Amino acid sequence: MKLKVIAFITIMLCVIIVSCQSEAEQEYKRYYGSGTLVYKAKCQNCHGEKGEGLSNLIPPLTDTAYLKKNKAQLACFVKYGIKETITTINGKAYEGAMPANVDMPAIDIAEVLTYIGNSFGNKMGTITVDEVNVDLEKCK
Amino acid sequence: MKKFAGLVLITLAFTACKFNDADKPRLPIMGNRDAVTKTINGKQVTDTVYQTIPDFKFVNQYGDSITQKSLKGDIYVADFFFTTCPSICPIMHRNMLTVYNEFKNVPDFKIISHTIDPKHDSVAVMKKYADKLGISGNSWWLLQGNKEQTYDLGQKDYLVAVKQDDGTPGGYVHQGWFVLVDKQKRIRGYYDGTDEKQVAKMIGDIKILRAEVNTEIAQ
């Protein structure tokens, strides 16, 4: 009897874990898939299909350390752009501005960040719309 | 049997060569054209006069004056851009960079990019842009000059749309055309500079055009 209970609980736990995982997985896939489209429409012209940037004019999106360090600001960059400044990416200085996307909804920002954050060698997991909303509150 | 197969192969190879030779591809001559009837030696002769790109005067990223004379004997590709362009210019110049790298050591080929925002894009700004893009030497010129002249050249001669419009991102309307011009200054091709496939076709067409010109000279 005791064994049966243990077995039952174990199975239930397994089911819960698997279903939770797959829900998170599904959310990730949804974000990533839609993010691909946002990226194509809004980012790819400049940053390139493989996030490679353009010579010394436009920085690539492959600097995993930079993205991690500035994770809380990424949503602000997408929405409000970057004013004329010098940014060091992959050890190289890039000078210039990035255009804003003031009309972009938070969900699109979350999706495109999830796409960028998990492409071009980056592995940041899902960046949810809730995180984006919190980050947007704090934009300078 | 093996011998027969070999024979077939050789015959096929030969006909393939011959076929290619007889059917050498030629690029069309584009733009407006006029029929002009002249009297030569008492005979009426009608000739087609093709539109050509007229003379111009601009300054390149090194501050040198550039006119049609500077392009004498060259095939060239022209486009219109501005350095602060947020929309299609980066992708155009990413693709143009492929063209530049393919032909940068070819003496009779050039790329000229006209800025449609000469007020901002001074010679110094253009030089900086060229450096950042990673281009040097004299095979790709970034040209700056009189705004009216640039817009006229774009609209009336290259037949591409160029205009100022504060309603569009960046403030200028322009299309991403690459215009291929031959040594006689005639337009030989239009390619969408934002489309990698069309730019690849242009690279092929430039090779055809160089071969065409060289055989014409040989004859």
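The structure is a predicted model.

In chain B, 5 strands come together as an open sheet with mixed pairing, in the order β7-β6-β5-β10-β11. The edges are formed by β7 (140-143) and β11 (187-192) of chain B, each of which pairs on one side only. From one strand to the next, the twist averages 20°. As a reminder, strands of a sheet pair through backbone hydrogen bonds, in either the parallel or the antiparallel sense. For β11(B), the pairing with strand β10 (residues 177-181) of chain B is antiparallel and extends over 5 bridges. A handy place to look is V181(B), which stands opposite I187(B) in β11(B).

Two helices of chain B can be followed across these strands. Helix α2 (residues 89-103) of chain B lies across β5 (75-81), β6 (109-115), β7 and β10 of chain B, and runs at about 160° to β5(B). Helix α3 (residues 123-133) of chain B lies across β5, β6 and β7 of chain B, with an angle of about 145° to β7(B).

The most come from β1(A), with 5 residues. Sorted by class, the lining of the second largest pocket has 8 nonpolar residues, alongside 4 polar and 4 charged ones.

Conventions:
Residues are numbered from 1 along each chain as its sequence is written. Chains are lettered from A and ligands numbered from 1 in the order in which they are written. This is a predicted model: local features need pLDDT of at least 70, side-chain atom pairs count only at pLDDT 80 or more; totals for chains, interfaces and linings use all residues. Side-chain values use heavy atoms; hydrogens and water are left out. Helices (H or I, at least four residues) and strands (E, at least two) are DSSP runs, numbered from the N terminus. Ala, Val, Leu, Ile, Met, Phe, Trp, Tyr, Cys and Pro count as nonpolar, Asp, Glu, Lys and Arg as charged, and the others, Gly among them, as polar. Two strands pair if DSSP finds at least two bridges between them. Axes are lines fitted to C-alpha atoms, for helices over the stretch in contact, and angles run from 0 to 180 degrees between N-to-C directions. Contact means heavy atoms within 4.5 Å.
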